[in-house]
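Subject: Structure handover

Hello,

Here is the structure we talked about handing over. My notes follow below it.

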Amino acid sequence: MNRQDAEKIITEYLKPIFGFALKRCKNPHDAEDLSQDIVLKAFRALLIKDDIGDVNKFIWTIAHNALNNYYRDTAKSVIGLSIDEVAEFVADPGSIFDDDNADSIRRLQSEIAYLSKLQRKIIIAYYFENRKQADIAKDLDIPLGTVKWHLFEAKKELKRGMDTMRKTSDLKFHPIKFHSYGINGNIGTKSPNEFFRSTLSQNICYCVRNTAKTINEIADDLGVSPVYVETEVEFLEEYRFLKAQKDKYVVNFIISEPTAELLTMHDTMHKKAAELFANELYDELIASGLLDHPDIWCGQTDGSISLTESPKADQNFILWSLIPYITAWSGDKLIANGISFEEVATIRPDGGHNIFHAAVVPDKMILPDDYIYMKNWCGPMYNGDGEHIIWQIDSEWSDRKERLNFLFSGEAKRILSLYKREFDGSLSKDEYAWLSELGYIKTNGDYDGHFKSSWQIVTLASNDIKEKLLAIGEKVKAKYKDEFDTIKAPYVAAVMDSVPAHLRKVKEYELQFLFHSDGWFLLHCIVALLNNGKLKPPTEGQKKALTTLICPN
């Protein structure tokens, strides 16, 4: 830069630089020396640089560095300085990492983060922004005396924090990660990944899963600044995943940590119950003759469809939907006096009304060789439009273009709408293409000419057939009720021992549905029937629409 331009810039900054120095030095003499030092360094730097993008930032960077040097030269220890004198250190410790006091300065910065939100605002406004106490009081809408009191208390808190060695938990070095999520009820407009968007949010919930803690205690456990914890806690509390207890927070959903022993109990229990129930349900369905009932609809699923005939899908494909559906929806009378959903479900600001839970699984866990894993499993999922519901499971046997997920409701409602309109012959070519791509419908012929369509979804066309099918499931469940209670008792006791007191009612609600609508029982029923050959694996052509059912609401 030429000398004339450099002199012009320095002239504009002479007064601001002196004001900057005067506010931060012990006396006017030091301020003059500091301002002269800043001006000289800035002028020399301007003369040798031609690529300065932001002159203002450039000048004040030099000023802050010069101020840091001033503090270094005049202070033997940061502890011996007033908060006023270390304000710039606290604001930017990275600029003085080579200083002997750098560790103390970084600790002081960290301790400011442990102050309450109001105290942080006041400290920053007063010491870093050099604002008057009266102006701070006006902006925060609090009395001037309150500002003075917080300044006094904040200094005491900072000193106390500097004198204390904070303890961190193992989570600082070994953070957990949720292995899976579960939702019972309506999801709302946000998916679990939006709530648990980071490792921090997951670990905040985990460290208060059993005991309520303050934001500072959570921060200590995780070894992070309370400022970041505070933001996440506010978000999680807003959506009811955390519950406030005065100045402390506790998790508001169950985080399970299964052990190999507990998982083995879970697996063995479901195998025993599924062997009893699934085999008898299958035999009863075959013997009933209901599979040929005209109110059970489902078009041919293999190969292309005929333009003239409308053959029904084979019974095996229909049973892939009927067996898990009946298993999940039958037997409500057997738990009629239990805990209701409304008693334990949470209403969330995004419209969700549900019970949420997550699981944390150790990296290494040895399970039996015949342990049944839940592969690509999602569901049962269901959604309705007032007249009908669509009920669906995704599993290792499915082959969907898009896996089911927690935002299933939008797709489900569209399918139901198109399903009803198709009978009126009012679907567009693009709508047929969308349904066909997802595997829900097959078409043949020219859309504008001779055209045929066939739904691949199992449909129960009347309440009568639905009730007859569910009655078979209820009969089998009633028969084995006492045996089921005996099989699950040890597992229920072990699980309840692991649940914190404030969430036990939620867990009791969930355990009511063991051997009813819990996904694990449905999985074990399918596996049991595949293993004994009663249920056959689906063909390649059947996998897209597998285990999908529409019935009256």
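Start with the strands. β12 (residues 458-460) and β13 pair in the parallel sense, over 2 bridges. Strands here are DSSP runs of E, at least two residues long; helices are runs of H or I, at least four long; both are numbered from the N terminus. Two strands count as paired if DSSP finds at least two bridges between them. Threonine 459 stands opposite isoleucine 550 in β13.

A word on the source. This is a predicted model: local features need pLDDT of at least 70, side-chain atom pairs count only at pLDDT 80 or more, and totals for chains, interfaces and linings use all residues. Residues are numbered from 1 along each chain as its sequence is written, and side-chain values use heavy atoms, with hydrogens and water left out.

**The sheet**

β13 also pairs with strand β9 (residues 388-394), in the antiparallel sense, over 5 bridges. There, tryptophan 391 has leucine 549 of β13 as its bridge partner. β5 and β12 run antiparallel and are joined by 2 bridges. Isoleucine 296 is bridged to leucine 460 in β12. Put together, 5 strands form an open sheet with mixed pairing, in the order β5-β12-β13-β9-β8. Its edge strands are β5 (296-297) and β8 (378-384), each pairing on one side only.

What about β13 (residues 548-552): how many of its 5 residues are buried? The count is 5 of the 5, so the strand is largely enclosed by the rest of the structure. Buried means under 20% relative accessible area, exposed means over 50%, and partly exposed lies in between (1.4 Å probe, protein chains only).

**Cores and a covered helix**

The largest nonpolar core has 98 residues. Such a core is a set of buried Ala, Val, Leu, Ile, Met, Phe, Trp, Tyr and Cys residues joined through side-chain atoms within 4.5 Å. Phe178, Phe196, Cys205, Phe253, Leu322, Leu460 and Leu469 touch the most other members. Take leucine 469. Leaving aside neighbours within four places in sequence, leucine 469 is in contact (heavy atoms within 4.5 Å) with Leu285, Leu290, Ile296, Leu322, Ile326 and Leu460. A second, separate core has 25 residues, including Ala21, Phe43, Phe58 and Leu67.

Helix α10 (residues 199-207) is mostly covered, with 7 of its 9 residues buried. Cys205 and Tyr206 are among them.

**Rings**

The whole structure holds 33 aromatic pairs. Rings of Phe, Tyr and Trp (its six-membered ring) pair if their centres lie within 6.5 Å; planes under 30 degrees apart count as stacked, over 60 as edge-to-face and the rest as tilted. Tyrosine 371 and tyrosine 373 are edge-to-face, 4.7 Å centre to centre with 70° between the planes. Tyrosine 371 is buried at 8% relative accessibility. Tyrosine 373 is partly exposed at 42%.

Tyrosine 432 and phenylalanine 451 are also edge-to-face, at 5.0 Å and 65°. Tyrosine 432 lies in helix α17 (residues 429-438) and phenylalanine 451 in strand β11 (residues 451-455), so this pair ties together parts 19 residues apart in sequence.

Ring pairs also link a cluster: Phe178, Tyr181, Phe195, Phe196, Phe235, Tyr239, Phe241, Phe253 and Phe356. Arginine 348 lies over the face of phenylalanine 241, 4.1 Å from the ring centre. The charged end of arginine 209 sits over the ring of tyrosine 206, 3.8 Å from its centre. The criterion is NZ of Lys or CZ of Arg within 6 Å of the ring centre and within 35 degrees of the ring normal.

Best wishes
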